[in-house]
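Reader: Could you take me through the side-chain contacts in this one? I'd like to see it first.

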Amino acid sequence: MVVGAFPMAKLLYLGIRQVSKPLANRIKEAARRSEFFKTYICLPPAQLYHWVEMRTKMRIMGFRGTVIKPLNEEAAAELGAELLGEATIFIVGGGCLVLEYWRHQMQQRNKEEQQQAAWDAMRAEVGHLALAVEALQAQVQVAPPQGALEELRAQVQEVRAQLRARDPPPAPPAAPSPAE
């Protein structure tokens with residue numbers, strides 16, 4: 001299952017990227033056209049990114065303390081627009097991940113609630129069955145023991161035998177006359 005999850009994640013990432021690219025491109029175009037957007041939104045992150053990148057490269061090459069010149073306004077606006085576009089794609093992808101996590105948590109919570117409801121129903125049924133068993137046990141205890149029933153049957157048979165002995169045998173039926 002894990003092996004199949006990675007291609008699906010990659011496909012999902014590509015899908016999110018393709019869907020959010022038009023949005024990022026529109027934001028980039030707006031950033032290039034608007035002077036306010038360019039000055040206050042695009043240029044500061046671009047200059048910071050350029051400064052960090054150049055400082056890191058210089059330190060790796062062994063040059064310490066060199067002054068890094070800022071980018072010209074056109075290049076900084078272009079870099080800032082690209083950074084803004086990539087940030088948009090990242091935010092949309094992150095939002096999708098958060099929404100998917102939230103949806104999964106809701107499904108998990110619903111599943112747990114259903115299991116708890118089933119568990120409670122089973123407990124109630126077991127309680128009901130326990131009460132029924134107790135009632136049946138009480139009835140069994142109240143009922144006469146099996147030996148008493150056998151004694152009653154024997155007494156009933158004796159009474160029947162005595163009643164048969166007291167009754168005279170029935171008269172034989174009269175024979176039919178030849179005249180008939």
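Author: Let me begin with glutamate 150, which is partly exposed at 42% relative accessibility; buried means under 20% relative accessible area, exposed over 50%, and partly exposed in between, using a 1.4 Å probe and protein chains only. Please keep in mind that this is a predicted model, in which local features need pLDDT of at least 70 and side-chain atom pairs count only at pLDDT 80 or more, while totals for chains, interfaces and linings use all residues. Residues are numbered from 1 along each chain as its sequence is written, and side-chain values use heavy atoms, with hydrogens and water left out.

Reader: OK, and which side chain does glutamate 150 meet in a salt bridge?

Author: The partner is arginine 153, with 3.1 Å from N to O; a salt bridge here is a side-chain nitrogen of Lys or Arg within 4 Å of a carboxyl oxygen of Asp or Glu.

Reader: Where do glutamate 150 and arginine 153 sit along the helix?

Author: Both belong to helix 4 (residues 146-166), and because they are three residues apart there, about one helical turn separates them. Helices are DSSP runs of H or I with at least four residues, and they are numbered from the N terminus.

Reader: How many salt bridges does the count come to?

Author: The count by this rule is three. In one of them, arginine 103 pairs with glutamate 100, and their closest N and O atoms are 2.6 Å apart. These two residues lie in helix 3 (residues 73-142), three residues apart, which is about one turn of the helix. Arginine 103 is partly exposed, with a relative accessible area of 39%, and glutamate 100 is also partly exposed, at 38%.

Reader: And what does glutamate 53 form a salt bridge with?

Author: Glutamate 53 bridges to lysine 57, with 3.6 Å between the closest N and O atoms. They are about one helical turn apart because four residues separate them in helix 2. Glutamate 53 counts as partly exposed at 30% relative accessibility, and lysine 57 does so at 42%.

Reader: Switching to rings, what does a search of the whole structure find?

Author: The search finds one aromatic pair. Phenylalanine 36 and tyrosine 40 form this pair, 5.1 Å centre to centre with 45 degrees between the planes, so it is classed as tilted. Rings of Phe, Tyr and Trp (its six-membered ring) pair if their centres lie within 6.5 Å, and planes under 30 degrees apart count as stacked, over 60 as edge-to-face and the rest as tilted.

Reader: Are phenylalanine 36 and tyrosine 40 buried or exposed?

Author: Both are exposed, and both lie in helix 2 (residues 35-61), four residues apart, about one turn of the helix.
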